[in-house]
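Me: I would like to go through the aromatic side chains of a protein with you. Could we look at the model together?

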Amino acid sequence: MLSNHRSMTRRTFSTLLVWLQRFKAADLLLFVIVLLAKLYLFSEFLGLPKMKMNGIDAIIEIGAILLLSFWTIWLPARGRIIALIFLNMIVSFVLYADLIYFRYFQDLISVPVLLQMGQVDSLGGSIETLLHMKDILFFLDWILIVPFAVYVIWLGRRDLSQANKHRSHAPIWKKMTVRIVLSAVIFFIGISLVFTNVNEAKRTWGQGIFVGNWWNLSIYNVTGGLGFHGYDVYRYAKQNWLDAETVTAEQSAEAKKWIGARGELRGALEQDALFGAYTGSNVLMVQLEAFHNFMINKSIGGQEVTPNLNKLMGQSAYFSQFYHQTAQGRTSDADFTSNCSLQPVANGSVFIQYAPHEFDCMPSTLKANDYSTTVFHSYEGGFWNRNTMYRNMQYDNFYSLKHYTLDEKIGWALGDKSFFRQSLDIISEQKQPFYSFLITLSSHHPYTMPDTEKKLSLGELEGTILGDYIQAVHYVDAAVGELVDRLKAEGLWNNTILAMYGDHDNSIKDWPQFETFLGKPLSELERQMILKQVPLLVHLPNDAHAGTYENVGGQLDVTPTIMHLLGISTADQYLIGTPLLTGQPVEGKKVVLRNGAFTDGIVYYMPSGDGIAANGKCWDISANSVRDIQACLAAAEEARTELNVSDQIVMSDLIAGFKEQDITEASADRKDNGALEAASRR
């Protein structure tokens, strides 16, 4: 009976193999149908309402499948069938891995994730909860194709020879010509289906997605499942191999020397009275979304816009000339610059492009000093590649949207009041000392607040985008007030350093609205100040060192400032910034912005679009007027050097090499000292 069953199975497989050989590309057609069905299942299982597969998406997916498999036409029948089966199995595995990863991280697997496989370890015992019975649909076809593949490999050649024994055979050149022409046609059809539709999306509703690269799922929404992974491999190769600029040994040495001098400067400041004045304190840092400095101490309709921050200013060190240093990476750039004290890259985001690289970030430094380290953000964990980057920064835990109860929906996700409340529930139970980093969201563009939270009378600005922004800022300020009250109630107020800063500008450029709000016309310099200045407040236990500080600073200075107060040396770390809260301001301090602008608090240099330093403008801040460009040229060159050095360090992952060199040199010094001591004893 078993023998008859085997014979029947072999006859069935033999008939199928013969027909697939004779009907050219029938196997490829079946492959396309099966993979399209799996990609549709994948889209359904993701369950993203605005990203479900539609007709255009299906066309793009078909094109991607053709591009994946066109080359199999070159192979003889058996080879083509085996190749298609293996491609099917690989794609099935990748899609399922994406699905499991998405269920935990709300993101898709990318090359940087694969290079940091330790991230998958964090699934731990929860892996079983991520597996669903319906997932078996991805692998139903394996019941047929795996045995068929075994048959084709072991018995297919013999059965095909037997079936074709009496058939005439076309010349090899003719077969090859047909295969090449057919594969070329399939390739160009695939190219057309994918890129015609993707380019249309880039031109219309998907503008900027491939420039910002802020979320893998946004790219998937344009390219589809296969297209995303193809683009991801291209993106990684382009950034790390094709467009990667080789840093020479001489350039590396110069970069190390330059940034080492910043470390020496910070080391010299360790004699300052405030160094270590708050050793062992908890650190709570809040990054305020799109929060401008010009909103502080302002009123509209007889009401203060930021009453809670105004009150907190009187109890804190408030830096009135503090600048954001972000570029295209926006919120992720602010996170990087403030926590890692290096310049962002000019194009894209460090979080996306260079997440696996080594940096001396505040979480890892504090973790090494026995701090518990936690980051909170009530949005998808994959946005800005945070899951990967935060693991590299060595946070113990990252609490994203999936960890919160969405009981106050405002704007993109959870309202900041509930965000602070739920975050403090966790923070209050943390092991101390702790470093907790909270990233707010409610004042994100387009600043749509529910009517119940529109508490200000806006007058002429009612119904304008700036008016909406002011309402959002007022709500965030109220949330900050509740955060402060909760810190006091939890007994954390007087043993915690609370730092707050704005992350970037609000993207509003309607200057008449600003002039209405501020009650005066604005010069070009004042507009730049509005765009680039964000608040920084550092509250110390017992309201110590409260007051307004006019020395200039930027986001690169946040980590050095906190480390200085905690008494943790950064002299040997590769950071650009310097501490802002010291007995005496750092002499000659300059803040360099990503576009090449800089300020020392006296002048503000605006670069020109042509990149020629002499064509820029040098503004006298106090006089609010343009002065001779010569007053800015030397410092403009220094600013360019800072940006170049930072780019070399970030993009070429130089810190890892610097540290290996430091270890080698330290070892050599110990050997030399040992030899000298031995010689002196003799």
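Me: Is Trp412 buried, partly exposed or exposed?
Reply: This is a predicted model. In it, Trp412 counts as partly exposed, because its relative accessibility is 32%.

Me: And how many aromatic pairs does the structure hold?
Reply: The structure holds 36 aromatic pairs. One of them joins Tyr236 and Trp241, which is edge-to-face because the planes are at 90 degrees. The ring centres of Tyr236 and Trp241 are 5.6 Å apart.

Me: Are those two buried or exposed?
Reply: Tyr236 counts as buried, at 18% relative accessibility, because the cut-off for buried is under 20%. Trp241 is exposed, with a relative accessible area of 60%.

Me: Back to Trp412: what kind of aromatic pair does it form with Tyr379?
Reply: The pair of Tyr379 and Trp412 is tilted, with 55 degrees between the planes and 5.3 Å centre to centre.

Me: Where do Tyr379 and Trp412 lie?
Reply: Tyr379 is in the loop between strand E6 (372–377) and helix H16 (386–392), and Trp412 is in the loop between strand E8 (409–410) and strand E9 (413–414). The pair therefore ties together parts that are 33 residues apart in sequence. Tyr379 counts as buried, at 13% relative accessibility.

Me: Which residues do ring pairs link into a cluster?
Reply: The cluster linked by ring pairs consists of Phe351, Tyr390, Tyr395, Phe398, Tyr435 and Phe437.

Me: New topic: what sits over the ring of Trp493?
Reply: The charged end of Lys488 does, 5.2 Å from the centre of the Trp493 ring.

Terms used: Residues numbered from 1 in each chain as written. Predicted model: local features only at pLDDT ≥ 70, side-chain atom pairs only at ≥ 80, totals over all residues. Heavy atoms only, no water. Phe/Tyr/Trp six-rings, centres within 6.5 Å; stacked < 30°, edge-to-face > 60°. Buried < 20%, exposed > 50% of the residue type's maximum accessible area, 1.4 Å probe, protein only. Helix = DSSP H or I, 4+ residues; strand = E, 2+ residues; numbered from the N terminus. Lys NZ or Arg CZ within 6 Å of the ring centre and 35° of its normal.
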